[in-house]
Amino acid sequence: MIKYALVCAVGHEFEGWFGSSSDYDDQSGRGLVDCPVCGVAEVRKQIMAPAVAGTKRRSSPDIAPQMREMMMQAQAAVRSHVEENFDYVGDTFAREARAIHEGRSEERGIYGEASPKEVTALIEDGVRVAPLPPAPPKKEELN
Ligand SMILES: [Zn+2]
């Protein structure tokens with residue numbers, strides 16, 4: 001068995017056990033590896049940085065802050081796209097998402113609030129939902 005640190009398209013981090021690395025490739029290639037939080041099948045292995053514990057010497061430039069910055073920009077882009085193009089439905093999100101899924105409501109992109117319990121129920125019923133990335137920090141909160 002081999003354990004991988006995985007991350008879904010939305011950014012949830014979780015771990016998965018596989019028989020071998022080819023097992024993982026096979027399952028993820030067929031979309032069988034789902035995020036346990038949001039159910040998204042777009043999952044990839046986390047890029048692991050080499051451990052630097054025990055040494056202060058850096059042989060390569062510190063790229064972590066840049067990666068963090070890029071991820072925050074990507075998340076901000078996703079969020080603003082959703083906010084500009086999707087209907088905000090507030091705390092009726094779970095009901096509305098289910099209605100759209102079942103064809104009882106107009107098919108469109110929506111976003112709003114839902115409790116973890118509601119989200120779990122939606123995913124169990126095959127409704128694809130994903131948490132919106134956090135809003136980028138406001139300028140005045142930076143420093
Ligand atoms: Zn996820």
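Me: What makes His12 count as buried?

Reply: In this predicted model, His12 has a relative accessibility of 17%. Buried means under 20%, so His12 counts as buried.

Me: Which residues coordinate the zinc ion, and how do you know that they are donors?

Reply: The zinc ion is coordinated by Cys8 through SG, His12 through ND1, Cys35 through SG and Cys38 through SG, at 1.9 to 2.3 Å. A donor is an N, O or S atom within 2.8 Å of the metal, and the four contacts therefore qualify. In sequence, the spacing of the donor residues is C-x3-H-x22-C-x2-C.

Me: Why is the arrangement around the zinc ion called tetrahedral?

Reply: The four donor atoms subtend angles of 105 to 113 degrees at the zinc ion. Four donors count as tetrahedral if all angles lie between 85 and 135 degrees, so the arrangement is tetrahedral. For reference, the ideal angle for four tetrahedral donors is 109.5 degrees.

Me: Are Cys35 and Cys38 buried or exposed?

Reply: Cys35 has a relative accessible area of 3%, and Cys38 has one of 1%. The limit for buried is under 20%, so Cys35 is buried, and so is Cys38.

Me: How many disulfides does the structure have?

Reply: The count comes to zero. A disulfide would require a pair of cysteine sulfur atoms within 2.5 Å.

Me: What makes the contact between Asp87 and Arg108 a salt bridge?

Reply: The N to O distance between the two side chains is 2.7 Å. The limit is 4 Å, so the pair qualifies as a salt bridge. Asp87 lies in strand E4 (residues 87–90) and Arg108 in the loop between helix H3 (93–101) and strand E5 (110–112), so the pair ties together parts that are 21 residues apart in sequence.

Me: Which residues are linked with Arg108 in a network of salt bridges?

Reply: Asp87, Glu96 and Arg108 form that network. The side chains of Arg108 and Glu96 meet at 3.1 Å, N to O. Glu96 lies in helix H3, so this pair ties together parts that are 12 residues apart in sequence.

Definitions and conventions: Residues numbered from 1 in each chain as written. Predicted model: local features only at pLDDT ≥ 70, side-chain atom pairs only at ≥ 80, totals over all residues. Heavy atoms only, no water. Donors = N, O, S within 2.8 Å, 3.2 Å for Na, K, Ca; no water. Tetrahedral: all angles 85-135°; square planar, octahedral: opposite > 155°, others 65-115°. Buried < 20%, exposed > 50% of the residue type's maximum accessible area, 1.4 Å probe, protein only. Helix = DSSP H or I, 4+ residues; strand = E, 2+ residues; numbered from the N terminus.
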